[in-house]
Amino acid sequence: MHRRRFLSLGAAAVGTAALAACSGPSAPTSGGGSMGDMERIAYGSDPSQFAELTRPSGASRGVVVVIHGGFWRAQYDLSLGRPLAASLAEEGWTAWNLEYRRVGNGGGWPQTPDDVSAGIDKLAEVDGLNLSRVVTLGHSAGGHLAVWAAGRQRLQPWTDAKVPVTAAVSQAGVLDLAGAASLGAGAVEAFLGRPVDQVPDADPTGQVPLDVPVRCVHGRDDSTVPISQSEAYVAAATDAGADATLTPVDGDHFVVIDPRSEAWATTVRLLADL
């Protein structure tokens with residue numbers, strides 16, 4: 001648990017070097033393979049186009065797509081989502097811990113959302129899954145991608161998405177890109193490659209209302225992605241008639257991805273209610 005906590009703390013801007021040293025890029029894969037109770041499955045040919053599938057021991061409640069954060073940058077990888085995937089499987093969910101190309105290894109806009117969409121659609125080819133409930137769960141920049149993916153079928157060129165997302169949970173998500181220009185030392189513009197107003201399809205706040213529920217969980221003391229990001233999104237979504245809620249929790253940016261925390265227990269309850 002000490003190592004897991006270190007990885008979480010490494011996602012702060014001040015911990016870039018420490019995380020890079022401790023948790024380098026994941027190894028390439030060319031197909032499926034098992035790692036204990038976790039199955040590694042590629043959805044493309046790039047080394048970052050794969051996911052880790054963890055099934056529960058009994059009947060599954062549904063699939064949760066875990067999308068890690070790190071301001072869309074390549075030095076952060078899906079190891080951040082592994083503790084959450086393990087916890088979700090213990091709670092009866094099938095966890096799909098998704099890796100994707102990030103800024104610095106071929107990602108950015110639109111490559112990163114292309115990967116997220118393709119990674120979700122890969123679920124249609126995995127045997128034994130019930131896809132009637134597919135929830136995206138993302139932290140920080142992953143929260144952005146989780147909520148974006150919930151409405152991707154309305155956007156070109158993703159209108160032919162095979163696996164619809166039935167709900168999204170954002171953990172301290174970057175959901176209002178227009179209000180996030182100062183976050184992460186210019187991370188939003190680095191991700192988009194241009195000003196936010198030139199890429200309207202990238203901004204979750206600009207896509208409201210979605211047709212599926214969105215649940216936001218955010219630490220009151222978050223100084224990395226302030227809770228105003230979730231507040232702005234939920235206000236815009238509910239004003240537009242969408243089903244969106246914000247659940248503030250005690251703690252900072254990383255408490256929501258600590259499986260030992262009350263914030264994570266709250267998230268698990270929200271998933272059960274969905």
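Author: Rings of Phe, Tyr and Trp (its six-membered ring) pair if their centres lie within 6.5 Å; planes under 30 degrees apart count as stacked, over 60 as edge-to-face and the rest as tilted. The structure shown above is a predicted model, in which local features need pLDDT of at least 70, side-chain atom pairs count only at pLDDT 80 or more, and totals for chains, interfaces and linings use all residues. Residues are numbered from 1 along each chain as its sequence is written, and side-chain values use heavy atoms, with hydrogens and water left out.

Reader: Which residues form one aromatic cluster?

Author: The cluster is formed by Phe71, Trp72, Trp109, Trp148, Trp158 and Phe191. The structure holds six aromatic pairs. In the pair of Phe71 and Trp72, the ring centres are 6.4 Å apart and the planes stand at 45°, so this pair is tilted. Trp72 also pairs with Phe191, and that pair is stacked, with 4.6 Å centre to centre and 5° between the planes.

Reader: Where do Trp72 and Phe191 lie?

Author: Helices (H or I, at least four residues) and strands (E, at least two) are DSSP runs, numbered from the N terminus. Trp72 lies in the loop between β4 (63-67) and α3 (82-90), and Phe191 in helix α6 (residues 187-192), so the pair ties together parts that are 119 residues apart in sequence.

Reader: Are Trp72 and Phe191 buried or exposed?

Author: Buried means under 20% relative accessible area, exposed over 50%, and partly exposed in between (1.4 Å probe, protein chains only). Both Trp72 and Phe191 are buried.

Reader: How many salt bridges does the structure hold?

Author: A salt bridge is a side-chain nitrogen of Lys or Arg within 4 Å of a carboxyl oxygen of Asp or Glu. The structure holds nine salt bridges. One of them joins the side chains of Arg215 and Asp243 (2.9 Å, N to O). This pair links distant parts of the chain, 28 residues apart: Arg215 is in strand β8 (residues 214-219), and Asp243 is in the loop between α7 (228-239) and β9 (244-249). Arg215 counts as buried because its relative accessibility is 14%, whereas Asp243, at 39%, is partly exposed.

Reader: What is the salt bridge between Lys122 and Glu125 like?

Author: The side chains of Lys122 and Glu125 meet at 2.9 Å, N to O. Lys122 counts as buried at 18% relative accessibility, while Glu125 counts as exposed at 51%.
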